[in-house]
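Please open the structure in your viewer and keep the selection tool at hand. The tour below moves from one selection to the next and says what is found at each stop.

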Amino acid sequence: MSDPTALGVFGLSMVTFVAASAKMGWTTGVAYLIPWALFLGSLAQIWASMVDFKKSNYFGAIVLGAYGLFWIAVAMHWAISLGWLGEVGANADPKQLAFACIGYFIFSLFIMVAAFEANKVFAVILVLINVLLPSLALSILGVNKELFGPLAAWSELGISLLGFYAAGAVFLNNFFGRTLLPLGKPLGLISKGPAPVVTPLPAKAAA
């Protein structure tokens, strides 16, 4: 099976672009965000994750799958808040979404470490995700909305634009069989595989 990364990253880019339009104040409401969250944010990424599992692409499978499931949950949160599934009344507390963002932030910290050893574009996207998630959580909780609201908006827009570049780069590089758009080499901070074994020096050599 061919590499599904371009489609998965494109799905992430599209849903964050449309969602960022609301956070930036360019659009209003969340009703029309739900289709993009379900089909681009969720379906595209989860399908790409399934293909990556078959291809033994551990990084792509886990990352695309995790964020695809995130967007299903967010779409359901929006749908419930709009009353699409019936009246919720006092049973609904929208601040629970903030704790979901915190949980994904904790998970994304681990993903970011791996992204540093994938390529530089993915690394920056994960850094921005780890700015977006706590900023969004704090904004939902009502903590300094004047700071964290715009910070969430700009970081989500940055994720989208970098994601478009990454999707285009993966597509063109795979199609032409050579690097047309560079993604940047891994940082090389942590090597894969078992840790190198350090052989102690003989006692005389050490002396």
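Begin by selecting F164, which counts as partly exposed because its relative accessible area is 27%; here buried means under 20% relative accessible area, exposed over 50%, and partly exposed in between, with a 1.4 Å probe and protein chains only. This is a predicted model, in which local features need pLDDT of at least 70 and side-chain atom pairs count only at pLDDT 80 or more, while totals for chains, interfaces and linings use all residues. Residues are numbered from 1 along each chain as its sequence is written, and side-chain values use heavy atoms, with hydrogens and water left out.

**Aromatic pairs**

The structure holds 10 aromatic pairs, a pair being two rings of Phe, Tyr or Trp (its six-membered ring) whose centres lie within 6.5 Å, with planes under 30 degrees apart counted as stacked, over 60 as edge-to-face and the rest as tilted. F10 lies in helix α1 (residues 5-23) and F164 in helix α6, so the pair ties together parts that are 154 residues apart in sequence; helices are DSSP runs of H or I, at least four residues long, numbered from the N terminus. F10 is partly exposed, at 34% relative accessible area.

Next select F59 and F122, a stacked pair with 6.4 Å between centres and 15° between the planes. F59 belongs to helix α3 and F122 to helix α5, 63 residues apart, so that this pair too links distant parts of the chain. At 23% relative accessibility F59 is partly exposed, whereas F122, at 14%, is buried.

Then select Y67, F70, W71, W78, Y104 and F107, which ring pairs link into a cluster.

**Nonpolar surface patch**

Which residues make the nonpolar surface patch of about 950 Å²? Select L38, F39, L43, L69, I72, M76, I80, L82, W84 and L85 to see them. Helices α2 (34-54) and α3 (58-81) are the elements that give two or more residues to the patch, and α3 gives the most, with 4. L85 lies in the loop between α3 and α4 (96-115) and counts as exposed, at 60% relative accessibility.

**Two loop residues**

Most residues other than glycine have a negative phi. Select S56, in the loop between α2 and α3, where phi is positive, at about 60°. End at N144, in the loop between α5 (120-140) and α6 (145-176), with a positive phi of about 45°.

How values were computed: Patches are made of residues with over 30% relative accessible area and no salt bridge: like charges are joined within 9 Å, nonpolar side chains (Val, Leu, Ile, Met, Phe, Trp, Tyr) within 5 Å. Accessible areas come from the Shrake-Rupley method with a 1.4 Å probe; for residues, only the protein chains shown count as cover. A salt bridge is a side-chain nitrogen of Lys or Arg within 4 Å of a carboxyl oxygen of Asp or Glu.
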